[in-house]
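Thank you all for coming. Please have a look at the structure as it comes up, and then I will talk you through a few places in it.

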Number of protein chains: 2
Amino acid sequence: MNIKIIVEYDGTHYCGWQNQNNGLAVQMAIEQAIARVEGHRVPLHGAGRTDAGVHALGMCANFHPQVAIPPEKWALVLNTHLPDDIRVVASCAAEEDFHARFDAVGKHYRYTMFYRNIASALDSRRSWHIYGPMDVAHMQRQARLLEGTHDFVGFVASGGKKNATVKTIYRSTLTCCGDYWYYDVWGNGFLYNMVRIIAGTLVDMGKGKLPGVTMEDVITAKHRLSAGMTAPAQGLCLMEVFYDKDALLRSCAEE
Amino acid sequence: MNIKIIVEYDGTHYCGWQNQNNGLAVQMAIEQAIARVEGHRVPLHGAGRTDAGVHALGMCANFHPQVAIPPEKWALVLNTHLPDDIRVVASCAAEEDFHARFDAVGKHYRYTMFYRNIASALDSRRSWHIYGPMDVAHMQRQARLLEGTHDFVGFVASGGKKNATVKTIYRSTLTCCGDYWYYDVWGNGFLYNMVRIIAGTLVDMGKGKLPGVTMEDVITAKHRLSAGMTAPAQGLCLMEVFYDKDALLRSCAEE
């Protein structure tokens, strides 16, 4: 049996999705929950990594259990063994050869900014506090310039892998709802720290810290130093993983 | 000088607004911040109490400092002495006889419910997790029946004071936004636990636990036992305190 799960988590207290040597990973917490049911470790395949402090509303993962539990019951069973800040929101049977990472055709990430002189008392774990004069119309225009198929090597963290850096961004928009500014991006793949570097670059552009530089210039320069700062982890949230391109394109069109 | 401040706080780690003997109160945290500036304790007058775990986006308070700081600078000054989960979002000069509690003409509270089979991994500190079959249209109709001037003694916690229980509710609505259900209420005053008892009663009604009972019946019965359960504190948020009735009525009409 191959079980597909959709996972929601508050990344604040985790070292990220993937198992590492420095702290508890979300993946490990779920593998431990599965082991409580199976009696032994069963590898869990996630759709991708998220950094320490990054959240998810729609991470997707799969695993092959031996215990005969109805597929849709796995969500409830795993939640009884998980901490409150990780919830399996759905589970179902997948094709035997389904793989959450290899079969993904795209993802939707949201980066949340809180724009006010004074920080938020309630949402500091979920957003990046930004302030000061900000040219939001300029930021919104620059966000759209990322759409299309480009080499995004200039948006990779210095330590990140530099292969397969050509990606397609289907939609890239900045929306303002009161004090909350949402940068939403749908793409067929994302490089290490790419969304956080885009968000940081947009804010640097909004503040006038990159005078005369456009997103097209950063793409053309193909160098990390041409982009802006890396926005902090807590503003980022993996919203959805897509396994069907039509569903991805519908999601872009809806927002 | 009389300084009026607007305060935002995450109530999770506090014993409520008002100073008590069992843990840190938000009022005390702010009085300590004022004392750091003034060199001695200055009483802070809040617009009302909030229970342990209840949040605020728009608590209002006032105090009479002696130190000569421009009124609008007090927000920044106090924030440097406050924990991250309490923020003074604005400060200004008030009339010398302004009193945050006695001069208030109304308040807007929001009670947030999260309606999904599986709890939220990210918003459990800010909402009440409800699930199961729920007649939301019935709940929405019942919410509106509270509007008007009534004796709300049936909605007071058993230990609460029973004087001045006639209050006017200007607007009382339940709105559904995906998994989030918001009960919003504007009134000229609220009794102890009143909004949480209304929210709990609405949910009990939605679940069919109070068959045939309407909000009008609960008002008429004038007894706590006729109402439903008390909803938990973490879903409640004080949104705004009004000192002008026109502003209150405009706020009701906008939502």
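Of the residues of chain A, the one that comes closest to the rotation axis is Asp123(A), whose C-alpha sits at 5.1 Å from that axis. The axis itself comes from superposing chain A on chain B, which takes a rotation of 180° with 0.0 Å of shift along the axis and leaves an RMSD of 0.0 Å. The two copies are thus related as by a two-fold rotation axis. The superposition is done by least squares on the C-alpha atoms of residues with pLDDT of at least 70 in both copies.

A word on how to read all this: the model is predicted, local features need pLDDT of at least 70, side-chain atom pairs count only at pLDDT 80 or more, and totals for chains, interfaces and linings use all residues. Residues are numbered from 1 along each chain as its sequence is written, chains are lettered from A and ligands numbered from 1 in the order in which they are written, and side-chain values use heavy atoms, with hydrogens and water left out.

Let us stay with the interface. How many residues of chain A are in contact with chain B? There are 23 residues of chain A in contact with 23 residues of chain B, where contact means heavy atoms within 4.5 Å. Because 100% of the interface residues of chain A are also interface residues in chain B, the copies meet through the same surface.

The size of an interface is often given as the accessible area lost when the parts come together. Here chain A and chain B bury about 1600 Å² between them, 60% of it on carbon and sulfur atoms; buried area is the accessible area, taken with a 1.4 Å probe, that two parts lose on being put together, summed over both. Ile118(A), Ala121(A) and Leu122(A) supply 41% of the area that chain A buries against chain B, more than any other three residues.

Across this interface the rule finds four salt bridges, a salt bridge being a side-chain nitrogen of Lys or Arg within 4 Å of a carboxyl oxygen of Asp or Glu.

Now for a residue in a strand, Asn62(A), which lies in β3 (residues 55-63) of chain A; strands are DSSP runs of E with at least two residues, helices are runs of H or I with at least four, and both are numbered from the N terminus. Is Asn62(A) buried or exposed? Asn62(A) is buried, with a relative accessible area of 1%, and here buried means under 20%, exposed over 50% and partly exposed in between, with a 1.4 Å probe and protein chains only.

The side chain of Asn62(A) makes a polar contact with the side chain of Asn2(A) at 3.0 Å. Such a contact is a pair of N or O atoms within 3.5 Å; within protein, one must be able to donate a hydrogen and the other to accept it, and residues adjacent in sequence count only if both atoms are side-chain atoms. The backbone nitrogen of Ala100(A) also lies 3.0 Å from a polar atom of the Asn62(A) side chain.

Finally, Asn193(A) is found in the loop between β9 (180-187) and α4 (194-206) of chain A, is buried at 15% relative accessible area, and has a phi near 70°, a positive value in a residue other than glycine.
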